[in-house]
Amino acid sequence: MHFDFNRLEETTVFRAFSNDWKLEDMMIKPVTTIEPTDIWREIYVKMECKPVVFLQAESAEVWQVIFPLKVGQERTLLGFSYPLSGTFQALMEAIKFHPGETAVLLDSEKVPQGVIEPSILTSLIWEEIKQLSSSISILMDTVNDAVTVIDQNNTVIGWNKKAEDLYGIAGETIIGEDIQNFFSSLVVTHVINTDLPKKKVIRENYHQPLPGTHVLINASSITCGDEVIGSVCAEKDITEIVLLNNELSKASSEVRQLKKEITKINRPDTAFSEIAGHSKGLQKTVNLARRVANTNAAVMIRGESGTGKELFAEAIHKESSRRNNPFVVINCGAIPASLFESELFGYQSGAFTGADRQGRQGKFEAAHKGTVFLDEIGEMPLEMQVKLLRVLQNKCFYRVGGNDLVEVDVRVIAATHRDLEQMIREGSFRKDLYYRINVVGIEIPPLRQRKEDILDLIYLFIREFCLQQDRDLVQMAPEVMPSMLNYPWPGNVRELRNVVERMVILAEEDLILEEHLPETIRFQNYIPIVSEESSLNEITDRAEREIILQALKGCSGDKSKAARKLGVPRSTLYYKMKKFEMK
């Protein structure tokens, strides 16, 4: 097998021990160069300082290498020229073209300084392999995920202690065996693909490798040069979290009796405690918001629709020194352009037809000493952006139709799901206003990028709606979970909350079944395999195969029942099974 060391250094942060090896430390010296016609034994006897090696040059590149200490056992060794200034990795490349030959190391003046025998390289490489093997073994047993490594023949070559604990299979039992003898429908075997442009990668996908075991998977193919030699899979055990709902359901009667006590226990210590989720991405966002809360800096919150931008804005307000003053929400996308100025800054009596005789204060005036939350700031008309900028700069304004200057002290938090930078380039959003409101930017990650938060949110919403409807906590059937975890949730937390409310309402006998899911989510429990170069037909075939497998599994292998469940004729099911080579 050929290793491209240069490519290896470009694509990895793991430093090989051989990177520190120097040729001058490996070579045998001193050496003496003699003429091709000289008899080395006669020269050797006359020399007081005995050399280790004699060299006879047959040409500029070809040498005869003689070891005097092996008199009587000497053999003719061929040698090839190699620069002493070269690297060990480059020497290994050169040896491919000179198998079995000895390297003669030349200085910048083309004078031999020493030689390196193949036997020395073999010993060094073996030491390198042992050190790398030890490093990788310690690394695998240090991580907190179950790690599996297989070669291109699906033979297990790596199995760490966490995998032993998760599956109860000792490394001595599984290493060297075909992994399919122990598991079926494995993600680690799906990512092996000898077509490098279509290299497959899986990131944080839900999988159930064994009954009662639930994991989130990261998997990738292993490449060496241009060859795929296997795959590696790291599995995070989430079984305890998945089974938590069942434990909560068993204690439903106690929950009803201790409702008030639970409310007290779960009362958030801080405003940010109301934001559910423990993923790294969300916690990073929460930490940034908490740090900026106690300042008066303007904050721009960005994120897709339904990610909870208003929840973050309100938490920042509640954690600030303005917490006892108003938090006023202005939805810039819901106010007609003609009413924007009067809504924000108020109006005097008689300012326009239909105006209140007493006049009315605007949102900014109502938020004095507090916080104004400008939701969907990207929808604000361009002409209003100029007036808003002036208010933020001067901290004062005039009511519509008024002559009295109104001074205000407000903190501004803005939010949007739009690309403001692109709007600036298009001329639909003012650059000076952008810099005024974007002192600190906070990005809320979408739900599809933090799947570990989905379970926390599901159980939170189940408890919320069960208490709201005064019913026992419902339990979620195991087959529902894959669909919930694999669905991309384009509507984010808002969509998840609505789906959970629907399921709680429809659940009978305190059990949420797959039929209670919306149709758009119901068949999301196949394992999506990410491949940027996959064609639509390839993606469709993989999806169909996984759906058929789930249907057969749910019907205990009964093809007639599976066909009815899928809503297709039995002949179609047989055709699809034959097409996908399913037994």
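This is a short tour of the structure, one selection at a time.

The model is predicted, so local features are reported only where pLDDT is at least 70 and side-chain atom pairs only at pLDDT 80 or more, while totals for chains, interfaces and linings use all residues. Residues are numbered from 1 along each chain as its sequence is written, and side-chain values use heavy atoms, with hydrogens and water left out.

**Stop 1: the open sheet**

Start by selecting the six strands that form an open sheet in the order 1-2-3-4-5-6, with mixed pairing. Strands here are DSSP runs of E of at least two residues, helices are runs of H or I of at least four, and both are numbered from the N terminus. Two strands pair if DSSP finds at least two bridges between them. At the edges stand strand 1 (31–34) and strand 6 (112–116); each has a single partner strand, so one side of each is left without a neighbour in the sheet. On average, neighbouring strands are turned by 35° against each other, direction ignored.

Now pick strand 3 (residues 62–66) and strand 4 (residues 77–83), an antiparallel pair joined by four bridges. Val 62 has Phe 80 of strand 4 as its bridge partner.

**Stop 2: two backbone details**

Next, select Lys 29 and Pro 30, joined by a cis peptide bond with omega about 5°. Pro 30 lies in the loop between helix 2 (23–26) and strand 1. Then go to Asn 154, in the loop between strand 7 (146–151) and strand 8 (156–159). Phi of Asn 154 is near 70°, a positive value in a residue other than glycine.

**Stop 3: aromatic rings**

How many aromatic pairs does a search of the whole structure find? There are six, counting rings of Phe, Tyr and Trp (its six-membered ring) with centres within 6.5 Å; planes under 30 degrees apart are stacked, over 60 edge-to-face and the rest tilted. Select Phe 345 and Phe 397: their ring centres are 5.1 Å apart and the planes are at 35°, so this pair is tilted. Phe 345 belongs to helix 14 (residues 340–345) and Phe 397 to strand 15 (residues 396–398), so the pair ties together parts 52 residues apart in sequence. Phe 345 is buried at 3% relative accessibility (buried is under 20% relative accessible area, exposed over 50%, partly exposed in between, with a 1.4 Å probe and protein chains only).

**Stop 4: the largest nonpolar core**

A nonpolar core is a set of buried Ala, Val, Leu, Ile, Met, Phe, Trp, Tyr and Cys residues joined through side-chain atoms within 4.5 Å. In the largest one, of 34 residues, Ile 458, Ile 462, Met 484, Trp 489, Leu 496 and Val 500 touch the most other members. Helix 19 (452–468), helix 20 (480–486) and helix 21 (492–506) each give two or more residues, and helix 19 has the largest share, nine. Centre on Ile 458: beyond neighbours within four places in sequence, Ile 458 is in contact (heavy atoms within 4.5 Å) with Met 476, Met 484, Leu 496 and Val 500.

Methods. Axes are lines fitted to C-alpha atoms, for helices over the stretch in contact, and angles run from 0 to 180 degrees between N-to-C directions.
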